[in-house]
Amino acid sequence: MTVRFTCRTAAAKSRGIAIGAIAVAGAMLLTACGDQTNGGSTGGDTKKSNAPLFDKLPASYQKSGVIKVGTNAEYAPMESVEGGKIIGVDPDIAEALGKQLGVKFTFTSGSFDGLITALNTGRHDMAMSSITDTKQRQQGLDDKGKKLGKGVDFVDYFLAGTAVYTKKGNPKGLKSIEDLCGQAAAVQRGTTYEKALQDQSKACKDGGKKAITIQSFENDTEAQTRVKSGGAVAGVNDYPVAVDLARKADGGKAFEVIGEQVDAGPFGIAVNKDNTGLRDALKEAVDAIIKDGSYQKVLEKWGATSGAIDKAVVNGGK
């Protein structure tokens, strides 16, 4: 990057339908840095910002110059920690949004299944962590239709499907998610791809085959380790993450992706349903970075162009 920016870290301490408890105390607060060349992005006298969409923001953000973002930074290339900083597609998109809005986005990493709860209790202004936009999340329902909360609104900014990955060489000769019947598969707890495994396991049983032994873990790193050790024949993840994992883990020698991505759906920036001003400003900002080309540059940088969209949508998930 040619623009200089600064970043602060401080001590302190969230992917799927079963989002629940608030992230535990004592974990780390990590920040991703937005561009600070536009007036107001560093705080100060933010009312003088000349950012194109600054006036679209609610007054509280104009005054503070900061939007607090909850994430789970264990999900390269979308978000991960390197050198004490949160990096990836989502922080870079947020930085581009910050240039349009004239504010800085600060990221806090916690457990994925607590993100929406933390958002709705006011700990974060938004959650941006490769969260698949679904009707259930919009309505605050669990996978059985039970009401867990009031739900959230989404500003959709990316498209991704489910992918299956195995140890390099594919020792079991798997070709698709259907081949996991009677096998053990690892996945991060509370994610949409955990739900994909549950649905496939039911399909296995309905078809007279053995169910999938689903091994769910607190974070995706643990699921990857399980596959690598041979404790599970495969892992299930979002497509861009699985592709990045296969390309980078152990220099590309640890994993491979099998088959094509399935059930592609939108990733959304989650916002409290009462915070419509921020939601609408974010939608305009996403459309703006798509139009000016900065969105495409971010995706190209991280090898994630397969997820590009051409227009932001509010609550486009099914």
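Buried means a relative accessible area under 20%, exposed means over 50%, and partly exposed is what lies in between (1.4 Å probe, protein chains only). The model you are looking at is predicted, so to speak of local features needs pLDDT of at least 70 and side-chain atom pairs count only at pLDDT 80 or more, while totals for chains, interfaces and linings use all residues. Residues are numbered from 1 along each chain as its sequence is written, and side-chain values use heavy atoms, with hydrogens and water left out.

Q: How many helices and strands does the chain have, and what makes a stretch count as one?
A: The chain has nine helices and 14 strands. Both are DSSP runs numbered from the N terminus: a helix is a run of H or I with at least four residues, and a strand is a run of E with at least two.

Q: What share of the chain is buried, and what is its accessible surface?
A: Of the 318 residues, 54% count as buried. The accessible surface is about 13,700 Å², and 50% of that belongs to carbon and sulfur atoms. Such areas come from the Shrake-Rupley method with a 1.4 Å probe, and for residues only the protein chains shown count as cover.

Q: Why is serine 129 called buried?
A: Its relative accessible area is 0%, which falls under the limit for buried residues. Serine 129 sits in the loop between strand S8 (126-127) and helix H4 (135-139).

Q: What makes serine 129 and asparagine 72 a polar contact?
A: A polar contact is a pair of N or O atoms within 3.5 Å; within protein, one must be able to donate a hydrogen and the other to accept it, and residues adjacent in sequence count only if both atoms are side-chain atoms. Here the backbone nitrogen of asparagine 72 is 3.0 Å from a polar atom of the serine 129 side chain.

Q: Why is one side of S4 and of S6 left without a neighbour in the sheet?
A: The open sheet has three strands in the order S4-S5-S6, paired antiparallel. Strand S4 (74-75) and strand S6 (85-87) are at its edges, and each has a single partner strand, so one side of each stays without a neighbour in the sheet.

Q: How do you know that S4 and S5 pair?
A: Pairing requires that DSSP finds at least two bridges between two strands. S4 and strand S5 (residues 79-82) have two bridges in the antiparallel sense, and glutamate 74 has serine 80 in S5 as its bridge partner.

Q: How many bridges join S9 to S13?
A: There are 13 bridges between S9 and S13, which run antiparallel. Phenylalanine 154 is opposite alanine 270 in S13.

Q: How many aromatic pairs are there, and what makes one stacked?
A: A search of the whole structure finds three aromatic pairs. The rings of tyrosine 75 and tyrosine 193 have centres 6.5 Å apart and planes at 5 degrees, so this pair is stacked. The rule: rings of Phe, Tyr and Trp (its six-membered ring) pair if their centres lie within 6.5 Å, and planes under 30 degrees apart count as stacked, over 60 as edge-to-face and the rest as tilted. Tyrosine 75 in strand S4 and tyrosine 193 in helix H5 (residues 192-206) are 118 residues apart.

Q: Which kind of pair do tyrosine 165 and phenylalanine 255 form?
A: Their ring centres are 5.3 Å apart and their planes stand at 85 degrees, so the pair is edge-to-face. Tyrosine 165 is in strand S9 and phenylalanine 255 in strand S13, so the pair ties together parts 90 residues apart in sequence. Both tyrosine 165 and phenylalanine 255 are buried.

Q: What makes tyrosine 157 count as buried?
A: Tyrosine 157 has a relative accessible area of 1%, and it is found in strand S9. Setting aside neighbours within four places in sequence, tyrosine 157 is in contact (heavy atoms within 4.5 Å) with residues including Asp90, Met128, Phe267 and Tyr295.

Q: How do you know that the buried residues of H9 are on the same side?
A: The buried residues of helix H9 (residues 294-301) are Tyr295, Val298 and Leu299. They cover an arc of only 95 degrees around the axis, which puts them on the same side of H9; the arc is that of the directions from the helix axis to the C-beta atoms. The face turned away from that buried side carries the exposed residues Lys297 and Glu300. Among what covers the buried residues of H9 are helix H2 (89-101) and helix H8 (276-292).
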